[in-house]
Amino acid sequence: AKQAYVRTKPHLNIGTMGHVDHGKTTLTAAITKVLADGGSGTFIPFDRIDRAPEEIARGITINIAHVEYETANRHYAHVDMPGHADYVKNMITGAAQLDGAILVVSAQDGIMPQTTEHVLLARHVGVRHVVVALNKADAADPELTDLVELEIRELLSAHGYPGEEIPVVRVSGLRALAGDPTWTASIATLLDAVDSYVPVPDRYTGAPFLLPVENVLTITGRGTVVTGAIERGTVRVGDRVEVRGLGTALTTVVTGLETFGKPMDSGQAGDNVALLLRGVQRGQIRRGNVVAAPGSVTVHQRFAAQVHLLTAAEGGRRTAIASGYRPQFYLRTTDVAGEVDLGEAGLALPGETAELTVELSKPVPLETGLGFAIREGGRTVGAGTVVTVLD
Ligand code: GDP
Ligand code: MG
């Protein structure tokens, strides 16, 4: 028999954010080194993180590195991204569902434009917990560092975070990577702060089950299997579920559950799973459907949204969009055409954040706060979130 999957520690998704060159990737590598030297996990060097392959998440191309590590209490999936445009796309579409973020600020440079923009984005997409790594503390004047710390606390407070109580840890990713004991200890302090300050999110497992279908496979003699990452809730073998979206509406039962080839009793939010569904034919289900707890999702074609249009430098359009514009919308694993209405404004320029309504060509499960990407001609031109579901 196959060995069963054993869940030993709570799992959290975190990531580094902050201005370019403030040391996000160096810090990510240093975290893995300090933990590996302490006997947990594998050291991942800077080059392997910085040269992360391009990934397609929700139909948008982003450069993203996934690093995995464990502290004494928790298992973390950590994301690091090279470019500012990657952050904008990734945060707005929710491709990285961060339970917490490590805001990296160089003590030498202080707050820079992307520092502010990432704090704003984090707040906008609902990242509730931020821990600050005041990096390059090895090379900065201590009194200047005190000032930078004050400035960061004020910035966080100005954006609705509890700036007074947020842990701010002075670190040096570079010196820790070099094995310097003082700065190695600073990384351990930072990890302790993340462990204790970022709570395990319970909204995840307590919510009704939902899995966006990424792939559909037929296993001869067993039936139809769907794969994907559980967005929320918990699923067990024997659970009744429904398949919705893109005109599909059917009810079935989960008869098998696996993760990375290992059978499991229960899957929960954040897990990548394969579900075996009773009596479902391959043609009845496809990528873009969702499998969900019965009655927990409703499908819609119209919604109001807030959208950020990427600039040409970020890979977006050169020209404005106008009412009647008809791009592709990527919502979860769905890719569907839709028409935009910009209301009285009539136009929105690259670089702007706009309010608009969208009419999709097919009904899909929608809810307030859902992130999406906008694509045309094979490239991402914007990203947004659903503000109000219409009909
Ligand atoms: P990122 O763009 O935020 O990912 O920044 P990187 O990790 O690529 O680092 C940018 C530059 O800052 C590199 O030259 C690093 O060697 C340097 N750097 C990173 N962390 C530290 C640090 O703790 N101290 C010092 N002195 N330099 C650092
Ligand atoms: Mg980097």
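Biologist: Over the ring of which residue does the charged end of Arg375 sit?

Modeller: Please note that the model is predicted. A charge counts as sitting over a ring if, among other conditions, CZ of Arg is within 6 Å of the ring centre. The charged end of Arg375 lies 5.5 Å from the centre of such a ring, and that ring belongs to Tyr330.

Biologist: Over the face of which residue does Arg123 lie?

Modeller: Here the distance to the ring centre is 4.8 Å. The ring in question is that of Tyr161.

Biologist: How many aromatic pairs are there, and what is the class of the pair formed by Phe303 and Phe372?

Modeller: The count comes to four aromatic pairs. For Phe303 and Phe372, the ring centres are 5.5 Å apart and the planes stand at 70°. Planes over 60 degrees apart count as edge-to-face, so this pair is edge-to-face.

Biologist: How is helix 1 oriented relative to helix 7: roughly parallel or roughly perpendicular?

Modeller: The axes of helix 1 (residues 24-37) and helix 7 (residues 181-197) come within 10 Å and cross at roughly 95°. Angles of 65 to 115 degrees count as roughly perpendicular. Therefore helix 1 is, relative to helix 7, roughly perpendicular.

Note on methods. Residues numbered from 1 in each chain as written. Chains lettered and ligands numbered in written order. Predicted model: local features only at pLDDT ≥ 70, side-chain atom pairs only at ≥ 80, totals over all residues. Heavy atoms only, no water. Axes fitted to C-alpha atoms, helices over the stretch in contact; angles between N-to-C directions. Helix = DSSP H or I, 4+ residues; strand = E, 2+ residues; numbered from the N terminus. Parallel < 35°, antiparallel > 145°, perpendicular 65-115°, else oblique. Phe/Tyr/Trp six-rings, centres within 6.5 Å; stacked < 30°, edge-to-face > 60°. Lys NZ or Arg CZ within 6 Å of the ring centre and 35° of its normal.
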